[in-house]
Amino acid sequence: MAVTPERDAVFAAVDLGATSGRVITGRVGPELLALRERHRFANVPVRLPDGLRWDVLGLYREVLEGLRAAARGGPVASVGIDSWAVDYGLLDADGALLGLPFHYRDGRNARAAERVLAVCGARELYAVSGVQHLPFNTVFQLAAHRTGAQWGAARTVLMIPDLMTYWLTGSVGAEVTNASTTGLFDASAGGWSDGLMGRLGLERSWFPSLREPGDPAGTLLPHVAAETGLPVATPVTVVASHDTASAVAAVPATGPGFAYVSCGTWSLAGLELASPVLTEASRAANFTNERGIDGTVRYLRNIMGMWLLEECRRSWERRGGAPGLGELLSAAARARPFAALVDPDDEAFLAPDDMVSCIDERLAASGQAAPDGPGGYVRCVLESLALAHRRTLREAASLADQEVTRIHMVGGGSRNELLCQWTADATGLPVTAGPAEATALGNILVQARARGLVGDLAGMRRLVSRTQELRHYVPQGDQGAWDGAAARLHAC
């Protein structure tokens, strides 16, 4: 008897962000791509005597709760996990976790970076890995970790989504898009760099075999199935486990010449390329070459994104209360343009005790006055981010010798109409905003493709374009004013 082909199915995406996590289910069919949030939870790090750590046990508990909620909604075809990059857990020979993973904002990393660069210079490191220099890159974190007692018992390094996948399935592996952010991945060869690991005294056996998005990771362990209510045969599918890689997979581009800004806690702004750009000019401009799905390269630079705004709101709350976001954005729209500008990439903004005070200090250092009220600060942050998007995308296009005709803004920041419009104004390019849930969509689409429900990357993007709500912005206002603001910021 002939078997009727599957027309649609439901997939569960576990999406772990740096400040919150969610479990979202998505139903996918030929003209169908519909999401439903099943569980949302905070991701709050813990300050311990030895540093800032991730509460991964709490996160795992929330993942199980989310999968339980997904199971109550009906059959789930598979599960996929994505998260932020660079952070990892160490396992011992029995597969037990050796302490809570360090948070990338922990202060231990800067000193370790100096030790790594003394062995492998910045040029050599970039020529192999193509990774942007950030003080919290995995390669630097591992150098900091090896001075502690846990190092002697370690036998395996697992990135955060690989760790969660291991706990769900018992299967060990390293997904390629997240591996490519470590600084230990050969950007040209597409695999772990034995040479860099050897130079730095890292055991090659600690780094598992690489997996590609769409590969099977295994099925749920019996106790996981019992706890979640999902069948024990439920597959866990490897997705583009770096959340930005999943987000870029869901960019609704229908042709060439596009740039993207995946905007959340960070703004990841760049291009999708066929091969890495490993030139000295690219290194000096601090661009990164990270893997996307199907062997593509995400050529981008990390910009501190909505973190600045959220930390300003936290500062005001500590001082007695913050206006709502809508009120803040309305005030920002009325505030004086370009009254104050900062460089979002300034490392002072990475983990300040008080963001508002930190902005004041950086403005004073460049001879600028503090903004007038919360609306002025929000305008300062959003205009500065729009200028950072402009600078980064123009540099990327020049270094990669690519023409950009449209910008796609995805992620939570794509809901911010001021940021989208000002990015269009600053760059002089049209902006398509959405989907806000690009990461979950990319996660789910890779799972659906593994089941044969969608086609190639272009087909995935066409489905997003046809089914998701998008908004379009065209450049407005005085381009010369933005040019002047960019020149002024560059001179600060």
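Which strands does helix 14 lie across? In this predicted model, helix 14 (residues 373-400) lies across strand 15 (258-263), strand 16 (266-273), strand 18 and strand 19 (406-410). Helix 14 runs at about 155° to strand 18. Axes here are lines fitted to C-alpha atoms, for helices over the stretch in contact, and angles run from 0 to 180 degrees between N-to-C directions. Helices (H or I, at least four residues) and strands (E, at least two) are DSSP runs, numbered from the N terminus.

Residues are numbered from 1 along each chain as its sequence is written, and side-chain values use heavy atoms, with hydrogens and water left out. Local features need pLDDT of at least 70 and side-chain atom pairs count only at pLDDT 80 or more, while totals for chains, interfaces and linings use all residues.

The overall fold was examined next. The protein has 18 helices and 21 strands. Its radius of gyration is 22 Å, close to the 23 Å that the globule rule gives for 492 residues, so the protein is as compact as a globular protein of that length. The radius is taken over C-alpha atoms, and the rule is 2.2 Å times the number of residues to the power 0.38. Along the principal axes, the C-alpha atoms fill a box of roughly 70 × 55 × 50 Å. Buried residues make up 58% of the 492 residues. Buried means under 20% relative accessible area, exposed over 50%, and partly exposed in between (1.4 Å probe, protein chains only). Of the contacts with a separation of 6 or more, 73% come from residues 24 or more positions apart. A contact means heavy atoms within 4.5 Å. The accessible surface comes to about 18800 Å², and carbon and sulfur atoms hold 51% of that area. Accessible areas come from the Shrake-Rupley method with a 1.4 Å probe; for residues, only the protein chains shown count as cover.

Seven strands form an open sheet with mixed pairing, in the order 17-18-16-15-19-20-21. Strand 17 (288-291) and strand 21 (471-473) stand at the edges with a single partner strand each, so one side of each is left without a neighbour in the sheet. On average, neighbouring strands of this sheet are turned by 30° against each other, direction ignored. Two strands pair if DSSP finds at least two bridges between them. Strand 17 pairs with strand 18 (residues 297-304) in the antiparallel sense, over four bridges. In this pair, R291 stands opposite V297 of strand 18. The loop between strand 17 and strand 18 holds D294. Phi of D294 is near 60°, a positive value in a residue other than glycine. D294 is partly exposed, with a relative accessible area of 46%.

Elsewhere, strand 2 (residues 20-29) and strand 3 (residues 32-42) pair in the antiparallel sense over 10 bridges. A hairpin of two residues joins strand 2 to strand 3. V28 stands opposite L33 in strand 3. Strand 3 also contains R40, which is partly exposed at 43% relative accessibility. R40 and R22 are 18 residues apart along the chain, with their C-alpha atoms separated by 4.3 Å. Leaving aside residues up to four places away in sequence, R40 touches S20, G21, R22 and E437.

Helix 1 (residues 56-72) has 17 residues and should span 24 Å at 1.5 Å a residue; its end C-alpha atoms are 24 Å apart, which agrees. The expected span is 1.5 Å times one less than the number of residues. Buried residues of helix 1 include V56, L59, Y60, V63, L64 and L67. The buried residues of this helix pack against strand 1 (9-16), strand 2, strand 3, strand 6 (78-83), helix 5 (160-169) and helix 8 (222-228). G74 follows helix 1 and has a positive phi, near 125°.

Several loops were also examined. A370 lies between helix 13 (355-365) and helix 14 and is partly exposed at 47% relative accessibility. Beyond residues up to four places away in sequence, A370 touches D360, L363 and Y377. F338 lies in the loop between helix 12 (325-334) and helix 13. Phi of F338 is positive, near 55°, and F338 counts as buried at 14% relative accessibility. A cis peptide bond joins G434 and P435, with omega about 5°. P435 is in the loop between strand 20 (431-433) and helix 16 (438-450).
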